[in-house]
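Please open the model in your viewer and keep the sequence panel beside it, so that each selection can be followed in both places.

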Amino acid sequence: MKGKWAAGISPRNFTWVIRDRFAVSERPGGFGTSHRKVRREEELLWLSAQGFDRIISVLLGPSNLPAYTAHELDWGHHPIAATGDRRLALRECYFDLDKALSSGRKVLLHGDELGDRVMGVVAGYLFWSGRITQGPAAISAVEHLLERSMGPEGRTLVADSERPTPDATQ
């Protein structure tokens, strides 16, 4: 591949949560019927060229995981359901994200789209990790950052994001 496409293209709705360390976007390649393998490849090329070395997916299914492996991108898969008790899945996702960030890795977290679920996971992580000490403040920060309002699903995810106790283990 030559020319301007050699470095790929950024994923749709790509936004930094923590500059040069932690970002969010929609699923590389798009979601649903708009998913394109060629676009996914271009976006994965861009992520690799930008130094991303960990992708965390909160999709229910294993979509894109083989493509991440093919591009030598380390990944974590933490399915976050739309309903039900999601506390264990959130806790596992947050420990994964926290471990990656603590070790200096560059992380992209995605769902199918950049909507309530991803917003809730991000705000929940900011609260859970102590980067923002109150759930409502984390919600407000993520709404401001992503320039959209968080709906009930996202707010419930933040409420389900329990702060770890000092003796919590992975």
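Select Ser 161 to begin, and note that in this predicted model Ser 161 is buried, because its relative accessible area is 1%, which lies under the 20% cut-off for that word.

Now show the side chain of Ser 161 and look for its polar partners. With the side chain of Tyr 94 the side chain of Ser 161 makes a polar contact at 2.8 Å, and the side chain of Ser 161 also reaches the backbone oxygen of Leu 157, at 2.7 Å. If you leave aside residues up to four places away in sequence, Ser 161 touches Leu 90, Tyr 94, Gly 124 and Phe 127.

The crossing in which helix 4 passes helix 5 is right-handed.

Finally, display the side chains where the two helices meet. Helix 4 brings Met 119, Val 122, Ala 123, Leu 126 and Phe 127 to this contact, while helix 5 brings Gly 135, Ala 138, Ile 139, Val 142, Glu 143 and Leu 146. Coloured by type, the residues of this contact divide into nine nonpolar, one polar and one charged.

Notes: Residues numbered from 1 in each chain as written. Predicted model: local features only at pLDDT ≥ 70, side-chain atom pairs only at ≥ 80, totals over all residues. Heavy atoms only, no water. Left-handed = near helix turned anticlockwise from the far one by under 90°. Helix = DSSP H or I, 4+ residues; strand = E, 2+ residues; numbered from the N terminus. Contact = heavy atoms within 4.5 Å. Nonpolar A, V, L, I, M, F, W, Y, C, P; charged D, E, K, R; others polar. Buried < 20%, exposed > 50% of the residue type's maximum accessible area, 1.4 Å probe, protein only. Polar contact = N/O pair within 3.5 Å; in protein donor to acceptor, adjacent residues only side chain to side chain.
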